[in-house]
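The following paragraphs lead through a protein chain residue by residue. Please keep the sequence and the coordinates at hand while reading.

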Amino acid sequence: MARVIGAVVVDKEECKGCSVCVDACPHDVLALHFEVNSKGYHYSYMKSPEACVGCANCGVVCPDTCITVYRTKAS
């Protein structure tokens with residue numbers, strides 16, 4: 001079975017830093033950034049991109065729908 005590589009793209013201006021996606025990630029890929037967006041919220045980002053498998057749990061639970069997950073097969 002081919003290994004799947006995932007990538008999480010967060011719309012940092014829409015993210016309100018609720019951290020639901022951080023808690024939902026089974027591979028500890030996401031965290032809240034120490035910087036804030038223009039609305040004053042700490043936004044989510046990929047702290048460990050190499051661990052992402054593209055499961056999309058984060059995107060499913062995001063209440064603001066500001067997460068997009070991409071998946072590709074590793075070569």
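Is Val60 buried or exposed? Val60 is exposed, as its relative accessible area is 69%; the classes are buried for under 20% relative accessible area, exposed for over 50%, and partly exposed in between, with a 1.4 Å probe and protein chains only. The model is a predicted one, in which local features need pLDDT of at least 70 and side-chain atom pairs count only at pLDDT 80 or more, while totals for chains, interfaces and linings use all residues. Residues are numbered from 1 along each chain as its sequence is written, and side-chain values use heavy atoms, with hydrogens and water left out.

Val60 belongs to helix 2, residues 57–61. Helices (H or I, at least four residues) and strands (E, at least two) are DSSP runs numbered from the N terminus. Together with Val20 and Val61, Val60 forms a nonpolar surface patch with about 240 Å² of accessible area in total. Such patches consist of residues with over 30% relative accessible area and no salt bridge, where like charges are joined within 9 Å and nonpolar side chains (Val, Leu, Ile, Met, Phe, Trp, Tyr) within 5 Å. A salt bridge is a side-chain nitrogen of Lys or Arg within 4 Å of a carboxyl oxygen of Asp or Glu. The areas come from the Shrake-Rupley method with a 1.4 Å probe, and for residues only the protein chains shown count as cover.

Ala56 sits in the loop between strand 3 and helix 2 and is partly exposed at 25% relative accessible area. Although Ala56 is not a glycine, its phi is positive, about 70 degrees. Thr65 is placed in the loop between helix 2 and strand 4 (67–73), and is exposed at 67% relative accessibility. Its phi is near 45 degrees, a positive value in a residue other than glycine.

The cysteines come next. With a disulfide taken as a pair of cysteine sulfur atoms within 2.5 Å, the count is 0. Cys52 is in no disulfide, the nearest cysteine sulfur being that of Cys55, 6.7 Å away. Cys52 counts as buried, at 6% relative accessibility, and Cys66 counts as buried at 8%.

Leaving aside neighbours within four places in sequence, Ile5 is in contact (heavy atoms within 4.5 Å) with Cys52, Tyr70, Arg71, Thr72 and Ala74. Ile5 is partly exposed, with 35% relative accessibility. Its C-alpha atom is separated by 5.0 Å from that of Val53, 48 residues apart along the chain.

Gly17 lies between strand 1 (4–10) and helix 1 (20–24), and touches Leu32, Tyr41 and His42, not counting residues up to four places away in sequence. Asn37 lies between strand 2 (30–36) and strand 3 (42–46). Gly17 is partly exposed at 21% relative accessible area, whereas Asn37 is buried at 6%. A polar atom of the Asn37 side chain is 2.9 Å from the backbone oxygen of Cys15. Beyond its neighbours within four places in sequence, Asn37 is in contact with Lys12, Glu13, Cys15 and Tyr43.

Technical notes:
A polar contact is a pair of N or O atoms within 3.5 Å; within protein, one must be able to donate a hydrogen and the other to accept it, and residues adjacent in sequence count only if both atoms are side-chain atoms.
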